[in-house]
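Good morning, colleagues. Please look at the sequence and the structure as I bring them up; I shall then go through some local features.

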Amino acid sequence: MQDRYDPKSIEPRWQEHWTKKDLFRAGNRPGAPKKYVLAMLPYPSGEMHMGHARVYSITDVLARYARKRGFDVLHPFGWDSFGLPAENAAIKEGVHPAERTPRNIASFKEDVISLGISVDWSTEIATSDPEYYRWNQWFFLRMLERGLAYRRRAKVNFCPSCNTVLANEQVEEGRCWRCGSVVVEREIPEWAFRITAYADKLLEGLNRIDWPERVVAMQRNWIGRSDGLEIDFAVKGARGKKAFRVFTTRADTIFGATYLAAAPDHPLVQELAPQAKKAELQAFAEKVRRAVKEVGEGAQAAEKEGMETGIRVRNPFTGKEIPVWVANFVLAGYGTGAVMAVPAHDQRDYEFAQKYGLPIVPVVRPADASEPPKEKAYTEYGELFDSGEFSGMPSEQARLAIAAEAQRRGIGKPAVNYHLRDWGISRQRYWGTPIPIVYCPKDDPEGKGIPVPDSQLPVKLPDIDVKEVLTGEGEAPLAKVSSWVNTKCPICGGPARREVDTMDTFVDSAWYWARYLDPSNDREPFSRAQADRWLPIDVYVGGPEHAVLHLLYFRFWTMVMRELGLCAMDEPAQKLVTQGIVKGRDGEKMSKSKGNVVSPREIIAEYGADTARLFILFAAPAEKDMDWSDEQVQGQNRFLGRVWRLVHGSLPKIEGVKAGGAPDELRRKTHKTILKVTQQLERLQFNTAISSLMELSNAAMDWTGDPGSLREALEVLVQLLSPFAPHIGEELWRELGRTEELTLLHWPDADPALVVDEAYQIAVQVNGKLRGEVQVAASADDAEIRDMAARDPKVAGWLHGKTVKKVVVVPKRLVNFVVA
Ligand SMILES: [Zn+2]
Ligand SMILES: [Zn+2]
């Protein structure tokens, strides 16, 4: 028996025990309902950061709690091991990424283990492993067959002095990261995925998943669906019948359109502008292109700028001639590349008109006939005036009537526009998945690309001499490896060249979570049986910075996987938790440059993993930012020390005593704590759950009554503490004379007789048949009762893979799930 709490002598021993007994293996309980708990795939930098430690502490509590609730739990791990950091380091230091990456993985993995994370390491994958990326290539070929992968031209950043394409991360304030030259824009061919074909599905699916409001809103905006009208404005005096097609969501304001705004590189502008203006227009277009690159596409340039083109068009409803301007806020890639400008009813058009002295003609006024403001645009719906036969109509009705009239006259049609763009995946990098395409001059004279047959996958990355190939100069690195580039054409067997670009690493992270189910399958990405057993992900935890790109791509990929018959669902993750950031000692976000980084290694070395975990989970609710506090770390360490002394100090009193006995104050406290912590865990309120455990430990500390009550309190305390602080939990459990595996031991139930007034039992039915019973707090509302019932392991088994059509809650009696 030790008097002093010494985590260093405890933690490695239990980590070894868990591994030896293989306690975290998914599939250990084939008959039990499943729970898939997942942390976002980490890039294997050499050391785990605090942000990582936070994510894994959260998923680990959930995984450990689910095991104790009787679930068969999948809590996997892997590495996002392709990518630019390893390649940039290779350019700078000459170390091959294939050499550095395994070292980084090994070191990071040690950190994960030393934090006591309950991972099933048999799932481990690394995306730079050919056995993983061959399936990226396989998916690419399936998408190519379905028209979902295609070749297009794209603009890229180019360094003229290094003569190389740069990734966005390699452009620093418009200059090359390596040599400092000004970066220019170039157009090159690239491969893209047609994610836009799924725009509506991606929108619609957001209604069916339990994700943070903020992420859902960001995805909606990113997809950016707008319904409107496409209508032609005929060009005056042009040979043939030329017209600018515009897209508008406010057809009701068309009588107020006093000019047209087109993208600077709109093809008709270049074609129809008077000769004298062409050079000036071209210079303007070039200037805008450069500015767009600096602020990023889609971002709003601060100052609206434009130029008159000399082209004139006819407003199809007023019949009046209006000028065409080019403007820096109209993007060629969005909609039709031109908009009708209605300065009286659009604030951006208003500011532009003010700046350049263009006419402002109001045609909509408030429905209550009040005077609209003069100093800004009136952008609300209202009632039309000065709008011909449509005058007097409300905007909603006029939008449709004007669209119908345009359609009748053959100059317009209803149209839907999206902000979402297709996903360009070509990267001029070495450390990524080779795109499985070859070019044969004989069979493919236009260079469209010939797919590599499945039987030749994986197309492996060639081994390279780093100093020769990863120089940061010249064409794509793979183009320099002639023994690899020159290959045989799969059609004619003659000489052909391989595609030298590699895939965006967002491809790797789009479906890794499904590969975890079946990581060594060499016939298919993963088996359907495993998919049906484990998918979808029940809880997905990661940083909010992935709200649009990763989280959108991974939803898109799932929809494609379903169409390929690989899985049954369209949405990969039922619940998403985005954890807040960990701030440094100075209250700023941790970053190397600020020198305020606290490393989990330091904390584990000084206080142990259990203290680190408890601090992380206690400092703030999972979704909120948290401040680093040395005092709080010490406070959690003292709490664990008190629990340690409490248990050891009590042993003489409780030896040979049975837990339980007559209901007394401590027993009631113990059972109320079970109830509370259970509900707090269900709601991911880890910080308040830890507070409840502190209260129970205080109550036990002062106890002078029945030793049976004390034993029960201590056993429960250790059990409830163990998902948060698993090592000390295991140690004290054995000290209490218990021999069961704590990892698999059932979560304690509150005795209803000891929590009267606070909770009651409720029957749970699925389609009218009794499938379980759950304990709910007396204070729970219908939604909470429904959630508790759905998360009960027995009930969850009956609901898995089904669509819940209706839930009936009869307070204090029953919940009935009606499923299809
Ligand atoms: Zn350069
Ligand atoms: Zn050929």
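Predicted model: local features only at pLDDT ≥ 70, side-chain atom pairs only at ≥ 80, totals over all residues.

D386 is exposed, with a relative accessible area of 57%; exposed means over 50%, buried under 20%, and partly exposed in between, with a 1.4 Å probe and protein chains only. D386 sits in the loop between β17 (383-384) and α11 (395-408), where helices are DSSP runs of H or I of at least four residues and strands are runs of E of at least two, numbered from the N terminus. Its phi is positive, near 50°, in a residue other than glycine.

Residues are numbered from 1 along each chain as its sequence is written, chains are lettered from A and ligands numbered from 1 in the order in which they are written, and side-chain values use heavy atoms, with hydrogens and water left out.

N767 also has a positive phi, of about 50°, and is not a glycine. This residue belongs to the loop between β30 (759-766) and β31 (769-777) and is partly exposed, at 43% relative accessible area.

I turn to the metal site. Which protein residues are donors of the zinc ion (ligand 2)? They are C440 (SG), D443 (OD), C489 (SG) and C492 (SG), at 1.8 to 2.3 Å from the ion; donors are N, O and S atoms within 2.8 Å of the metal (3.2 Å for Na, K and Ca), and water is not among the atoms, so sites may look incomplete. Angles of 100 to 115° among the 4 donor atoms make the site tetrahedral, a label given to four donors if all angles lie between 85 and 135 degrees. Along the chain, the donors follow the spacing C-x2-D-x45-C-x2-C. D443, in the loop between β21 (437-439) and β22 (450-451), and C489, in the loop between β23 (486-488) and β24 (495-498), are 46 residues apart and link distant parts of the chain. D443 is partly exposed at 32%, whereas C489 is buried at 3%.

Finally, two cis peptide bonds. One runs from L457 to P458, with omega near 0°, and P458 lies in the loop between β22 and α12 (466-469). Another joins L535 and P536, with omega about -5°; P536 is in the loop between α15 (528-534) and β26 (537-542).

Methods
Tetrahedral: all angles 85-135°; square planar, octahedral: opposite > 155°, others 65-115°.
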